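Colleague: I would like a close look at one part of this model, its pockets. Which residues line them, and which elements do those residues come from?

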Amino acid sequence: MSQGVRTRPEGSGQPLSEAYDTALLDLDGVVYAGGSAIAHAVDSLAVARSGGMRLAYVTNNALRTPDTVAGHLTELGIPTGADDVITSAQAVARLISEQVPAGARVLVIGGEGLRVALRERGLVPVESADDDPVAVVQGYGGPDLPWGRFAEASYAVRRGVPWFASNTDLTIPSGRGIAPGNGAAVEVVRIATGAEPQVAGKPLPPMHRETIIRTGAERPLVVGDRLDTDIEGAFNGGVDSLLVLTGVTDGAQLLAAPPHHRPTYVDADLRGLLTGQPEVTGDGAGFRCGGWTATAGADRLELTGDGEALDGLRALCAAAWTAAGEGSCALDGGKALARLGL
């Protein structure tokens, strides 16, 4: 990753699938949504893989096991083995195993993915605060997780048992819209106990470390749709990132991104892996990409020209990020984005 504060998306003279040896792909909002493959995902990943790029799927969702995730991807037409899937359950299980004795009991508030990951690290999942656990771990347990499970976690944490969380994503996409994620459940226990968990998942270093350990990637590219997990995780890990606009991030959020949320590259979807990336040129007097020129006015971003919408967005990013410096751009970009249809 380039040093210093990023002030524009970077260009690439070669396809990203050739410039990087491993794609570390988020799942929800990148590869699939509501269980169905996102447009162009299956074909794009097949081409990238056939060209020699390793594909690894990195998810903060601790509910499903790697075998289950791999099976789902394979059904979608993306041949995947369990070794190609890295979950926050695996990251948090390693984090716990480094702090407790082998064979220790761990109270699980979550689903099967957590239990499998704990057993992989030689730990014993238990269900009650009265089972003498030496740690509590909390991960997404699906929409039907009983309320009493949060009480069980609270009992143990209030007794001084160390508390761990797979991740703190407040929301999770579903087939019907955006639903509460594990972070919302963590807040329940936090309010009840006043405690703070150790967190493993994106964007924090334990997840990046787990991913690198399991993939052996030397030139990884993080591919995601969320600024506060995928892109920030890449920033924290010191690696490059590709933001795709098939998930939760919209143009306005991208323009307002502070330095740790600014991706290296921006593209519409996973077809961006198969191409080079256009360069943004210019300076404070105007930033150019394709047929567009973006400038930062007194209170809003201005856009002139014509061409591909994504080129206009890249130019606007350069204007906004340069104006914001180390902060978050507060200039109004609504009119410019509307012109791009974004």
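Modeller: The model is a predicted one, and the values below are computed from it. The largest pocket has a volume of about 350 Å³. Its lining is made up of 19 residues. Those that lie nearest the centre of this pocket are Asn61, Tyr140, Ile172, Pro173 and Ser174. Two elements, the helix α3 (66-75) and the strand β10 (171-174), each give two or more residues to the lining. The largest share, three residues, comes from β10. By type, the lining of the largest pocket divides into nine nonpolar, eight polar and two charged residues.

The second largest pocket has a volume of about 240 Å³. Here 15 residues form the lining, and Tyr140, Gly142, Phe150, Pro180 and Ala185 lie nearest the centre. The elements that give two or more residues to the lining of the second largest pocket are β11 (177-180) and α7 (182-193). Of these, α7 provides the largest share, four residues. The lining of the second largest pocket divides into nine nonpolar and six polar residues, with no charged ones.

Note on methods: Residues numbered from 1 in each chain as written. Predicted model: local features only at pLDDT ≥ 70, side-chain atom pairs only at ≥ 80, totals over all residues. Heavy atoms only, no water. 1 Å grid on protein atoms, 1.4 Å probe; cavity = no way out; pocket = protein on both sides within 12 Å on 5 of 7 lines; lining within 4 Å. Points joined across faces, edges and corners; volume = space filled by probe spheres on them. Nonpolar A, V, L, I, M, F, W, Y, C, P; charged D, E, K, R; others polar.
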